[in-house]
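Work through the exercises below with the sequence and the model side by side.

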Amino acid sequence: MRRIKLGRSAVGITELSFGAAAIGNLFTEVDPAQAAAAVDAAWDEGVRSFDTAPHYGLGLSERRLGEALRDRPRDAYTVSTKVGRLLEPLPPGTAPAHGLSEGFAVAHTHRRRWDFSADGIRRSIEDSLGRLGLDRVDLVYLHDPDDHEEAAFREGYPALERLRAEGVVGAIGAGMNQTAMLTRFLRDTDVDTVLCAGRHTLLDRSALAALLPEAAARGRAVVVGGVFNSGLLADPRPGATYDYAPAPAHLLERALRIEEVTRRHGVPLRAAALRYPLGHPAVAGVLVGARSPEEVRDAAALLRTPVPDALWEELRAEGLSAAVAEETG
C-alpha cells in the first residue's frame, strides 16, 4: 500500500489508516481477541498507520493497539495518538460506574480532564507511551481543542513543537471535526499535518473552501476521517445517521441520488466515498475505524475498487458534487 510523507517530516502514513477507536469499545464491547485480529488483518492488508487516543475507551484503545503491534518491527509502522484529555483515576474506594463513558462501553475507572497546558501535553504523551508500550510516538495531534482555542495555541502547540525538536515525537498536528481552526493551525503554526473528520466527503465539502487550499499552498498534509459521515454514506436509508445524529431528509435524499449514480457505474457508494478525499493533492490518506477483521478487509477492498472518471463527471453534471471532478482529476 502506498505510503505518503506528512509535510516536511520524516513520518509517513499509508493511504488507509486503521482507526482504533472501535477497539476501545466504541458504543459496544469488543472481545480482546477480535480487537487483536482486527489489527492483524490491517497489517495483512498492507496498512501500516494506526491511530488512537487516550479518550478512546479510557486508554483501552491504546493498550490493545500497543499489545497487537508488540511483535511487529517498530520502524515498519506509524502510530498516532492525541493530547488534550488527561485520564485521572477516580478516588480510592469509588465504585466504578458502568455503561457508556462518553460513547465507550468501559468501566468508569477514570475521569477525563481537558488540559492543553505544556505540562499536560508532556504528561499525556508519557502516559500514552506507557499504555502503548512504546518508547516513541510518531505523530501526535491536539485532540478536539474547539472550546480551548487560546490554550491550544498559546501552550499546547508550542509544547508539541518543542517535543518534536527534541525528537520525542516525529510529527505534530491537530485533529478536529471543523475546518476553521484547522485552517488557522495550518496558517499560523508549523504543524506537519491536520486530521479533518467529516468535512471533506461526498456530502460535506467545506474543507475545499480554505483548509485544503491552505494545506496545498504550504506543503502540509491532511488526513481525512469520517468519510462516511458516521453512516449516511455507508448505507443511506431512513434512520441512518449523519455526524452521529439522525440524518436530515434533504441529506438522505442527496445521498440516495449519489448512490444511484455510483450504481450506474458499478461502484459501491462506500467505495466512492472512501476514494473521493484522496483525489485532492493535499490529502495524504483516509482513516477508517474498524472493530473486526471483516470490517478491515472490507475497507481495504473498497479502496482497491476502481472508480471511473465518468462517475465523478456524472455527479458534477447532476449537481450532486460540483467540485468532485476538479478535485479528483
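**Exercise 1. Find which strands helix H3 lies across, and the angle it makes with E5.**

Step 1. Locate helix H3 at residues 118-132; helices (H or I, at least four residues) and strands (E, at least two) are DSSP runs, numbered from the N terminus.
Step 2. Look for contacts, meaning heavy atoms within 4.5 Å. H3 lies across strand E5 (78-83), strand E10 (137-143) and strand E11 (169-176).
Step 3. Take the angle: H3 runs at about 135° to E5. Axes are lines fitted to C-alpha atoms, for helices over the stretch in contact, and angles run from 0 to 180 degrees between N-to-C directions.
Step 4. Turn to helix H9 (residues 293-304), which packs on the sheet and touches strand E3 (16-19) and strand E16 (283-289). The direction of H9 makes about 160° with that of E3.

This is a predicted model, in which local features need pLDDT of at least 70 and side-chain atom pairs count only at pLDDT 80 or more, while totals for chains, interfaces and linings use all residues. Residues are numbered from 1 along each chain as its sequence is written, and side-chain values use heavy atoms, with hydrogens and water left out.

**Exercise 2. Trace the barrel: how many strands does it have, and in which order do they run?**

Step 1. Apply the pairing rule: two strands pair if DSSP finds at least two bridges between them.
Step 2. Follow the pairs. They give a closed barrel of 8 strands with parallel pairing, in the order E3-E4-E5-E10-E11-E12-E13-E16. From one strand to the next the twist averages 30°.
Step 3. Check the bridges from E10 onwards. E10 and E11 run parallel and are joined by 6 bridges, with His 143 opposite Gly 175 in E11. Between E11 and E12 there are 4 bridges, and Gly 175 has Leu 195 of E12 as its bridge partner. Strand E12 (residues 193-197) is joined to strand E13 (residues 221-225) by 5 bridges; here Leu 195 is partnered by Val 223.
Step 4. E13 and E16 share 3 bridges, and Val 223 stands opposite Gly 285 in E16. E3 and E16 are joined by 4 bridges, with Ser 17 opposite Leu 287.

**Exercise 3. Decide what is buried in E11, E16, H2 and H5.**

Step 1. Set the cut-offs: buried means under 20% relative accessible area, exposed over 50%, partly exposed in between (1.4 Å probe, protein chains only).
Step 2. Count in the strands. In E11, 7 of its 8 residues are buried. In E16, 6 of the 7 residues are buried, so E16 is largely enclosed by the rest of the structure.
Step 3. Count in H2 (residues 60-69), where 8 of its 10 residues are buried. The cover over them includes helix H1 (32-44), strand E4 (49-51), E5 and H3.
Step 4. List H5: the buried residues are Met 181, Leu 182, Thr 183, Phe 185 and Leu 186. Their cover includes E10, H4, E11, E12 and helix H6 (211-218).

**Exercise 4. Which residues touch the most other members of the largest nonpolar core?**

Step 1. A nonpolar core is a set of buried Ala, Val, Leu, Ile, Met, Phe, Trp, Tyr and Cys residues joined through side-chain atoms within 4.5 Å.
Step 2. The largest has 88 residues, and Phe 18, Phe 50, Ile 125, Leu 142, Leu 160, Phe 185 and Leu 202 touch the most other members.
Step 3. A second, separate core of 12 residues includes Ala 171, Ala 221, Val 223 and Ala 284.

**Exercise 5. Is Glu 15 buried or exposed?**

Step 1. Glu 15 is in the loop between strand E2 (12-14) and E3.
Step 2. With a relative accessible area of 11%, Glu 15 is buried.
Step 3. The side chain of Glu 15 makes a polar contact (a pair of N or O atoms within 3.5 Å; within protein, one must be able to donate a hydrogen and the other to accept it, and residues adjacent in sequence count only if both atoms are side-chain atoms) with the side chain of Arg 2, at 3.0 Å.
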